[in-house]
Amino acid sequence: MSSSQDFSSLLEKVRIILIPKVNDVRVPNLDNLRCISLLSTLGKCFERLIINRVAWSLYKDNYFNKNQFGFMPLKCTEEALMKLNEIVLKGKKRNLHTILVFLDIKGAFDNAW
């Protein structure tokens, strides 16, 4: 049996628990539910190995932009704000206007590993 078949059999044993985001359980709305899947210990270990290997390969090959801060190891919000401040100050010195565009994706943290 290959390792992918082993892992798929582990995924078949996942327990899914629905937890309401708001304490009002009378409202059966999918936006109000947070899904939590519980894997076996072996499944969690195998999943972590796969994630670490894929992430290592992506970092090694410089797949990510150096200005990406979200969901990146060893990068934090403060670093992103310092980079933004640096960009604004450089523009100000050159008498340029700075335009900021922010994108807030609904449920982004619900889909992040």
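Predicted model: local features only at pLDDT ≥ 70, side-chain atom pairs only at ≥ 80, totals over all residues.
## The loop between H2 and H3

Asn-62 lies in the loop that joins helix H2 (41-60) to H3. The backbone of Asn-62 has a positive phi of about 55 degrees, although the residue is not a glycine. Most residues other than glycine have a negative phi. Asn-62 counts as exposed because its relative accessibility is 67%, and the cut-off for exposed is over 50%.

Leu-74 is also found in the loop between H2 and H3. Its phi is positive too, at about 65 degrees, and Leu-74 is not a glycine either. With a relative accessible area of 85%, Leu-74 is exposed.

## Aromatic rings

How many aromatic pairs does a search of the whole structure find? The search finds two. In one of them, Tyr-59 and Phe-64 have ring centres 5.2 Å apart and planes at 40 degrees, so the pair is tilted. The angle leads to that label because planes under 30 degrees apart count as stacked and those over 60 as edge-to-face, with the rest called tilted.

Tyr-63 and Phe-64 make up an edge-to-face pair, with 5.7 Å from centre to centre and 80 degrees between the planes. Through these ring pairs, Tyr-59, Tyr-63 and Phe-64 are linked into a cluster.

## A charge over a ring

Another ring, that of Phe-69, has a charged group over it: the charged end of Lys-75 sits 4.8 Å from the ring centre.

## The chain as a whole

The protein chain contains three helices and two strands. Read from the N terminus on, these elements follow the order α-β-β-α-α.

Of the 113 residues in the protein chain, 8% are buried. The chain exposes about 10,400 Å², and carbon and sulfur atoms supply 60% of that area. Among the contacts in the protein chain with a separation of 6 or more, 32% are between residues 24 or more positions apart.

## Confidence

How confident is the predictor, and where is confidence lowest and highest? The average pLDDT of the protein chain is 79, and 78% of the residues score at least 70. Confidence is lowest in helix H1 (residues 3-11), where the mean is 60. Helix H3 (residues 77-93) has the highest confidence, at 92.

Definitions and conventions:
Residues numbered from 1 in each chain as written. Heavy atoms only, no water. Phe/Tyr/Trp six-rings, centres within 6.5 Å; stacked < 30°, edge-to-face > 60°. Lys NZ or Arg CZ within 6 Å of the ring centre and 35° of its normal. Helix = DSSP H or I, 4+ residues; strand = E, 2+ residues; numbered from the N terminus. Buried < 20%, exposed > 50% of the residue type's maximum accessible area, 1.4 Å probe, protein only. Contact = heavy atoms within 4.5 Å. Areas by Shrake-Rupley, 256 points an atom, 1.4 Å probe, with all protein chains shown as cover. pLDDT = per-residue confidence, 0-100.
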